[in-house]
Amino acid sequence: MDNTMTILKESLKTKGYKLTPQRKAILDVIIEHKGEHLTSEEIYDIVKATKPEIGLATVYRTLILFEDLDVVYRHNFGDGCGRYELNLNGEEHQHHHLICNSC
């Protein structure tokens with residue numbers, strides 16, 4: 001995780017942003033739950049457990065920033081919620097997600 005955080009910190013820095021404690025906490029959650037495609041509310045609930053002072057609006061703004069900077073991908077699985085996934089290489093991301101329509 002340290003290497004991932006270093007890469008992402010440098011990525012933010014080269015684009016003119018700092019890795020604030022709030023951004024780091026949100027990024028930590030996304031890294032720790034890699035592959036889970038968490039919603040912004042799920043990320044907020046997890047971050048809130050260790051950083052009770054953080055607000056939901058901060059999580060929303062940070063996820064929008066991370067998406068704009070290609071740090072995360074936002075997926076829409078048709079359930080009305082955006083779900084987020086870490087983008088480590090900063091390139092166009094392609095892999096398939098299957099959704100069961102019978103259960």
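The structure is a predicted model, in which local features need pLDDT of at least 70, side-chain atom pairs count only at pLDDT 80 or more, and totals for chains, interfaces and linings use all residues. Residues are numbered from 1 along each chain as its sequence is written, and side-chain values use heavy atoms, with hydrogens and water left out.

Let me begin with the helices. Two packed helices are described by the angle between their axes and the distance between the axes. Helices (H or I, at least four residues) and strands (E, at least two) are DSSP runs, numbered from the N terminus.

Helix α3, residues 40-50, and helix α4, residues 56-68, have axes that come within 10 Å and cross at roughly 125°. Axes are lines fitted to C-alpha atoms, for helices over the stretch in contact, and angles run from 0 to 180 degrees between N-to-C directions. That makes α3 oblique to α4; angles under 35 degrees count as roughly parallel, over 145 as roughly antiparallel, 65 to 115 as roughly perpendicular and the rest as oblique.

Which residues of α3 and α4 meet? Ser40, Glu41, Ile43 and Tyr44 in α3 meet Leu56, Val59, Tyr60 and Leu63 in α4, where contact means heavy atoms within 4.5 Å.

Next, helix α2, residues 21-32, crosses α4 at roughly 75°, with the axes coming within 10 Å. The two helices, α2 and α4, are therefore roughly perpendicular.

Finally, threonine 39 lies in strand β1, residues 38-39. Threonine 39 counts as buried (under 20% relative accessible area; exposed is over 50%, partly exposed in between, with a 1.4 Å probe and protein chains only), because its relative accessibility is 6%. Leaving aside residues up to four places away in sequence, threonine 39 touches Cys81, Gly82 and Arg83.
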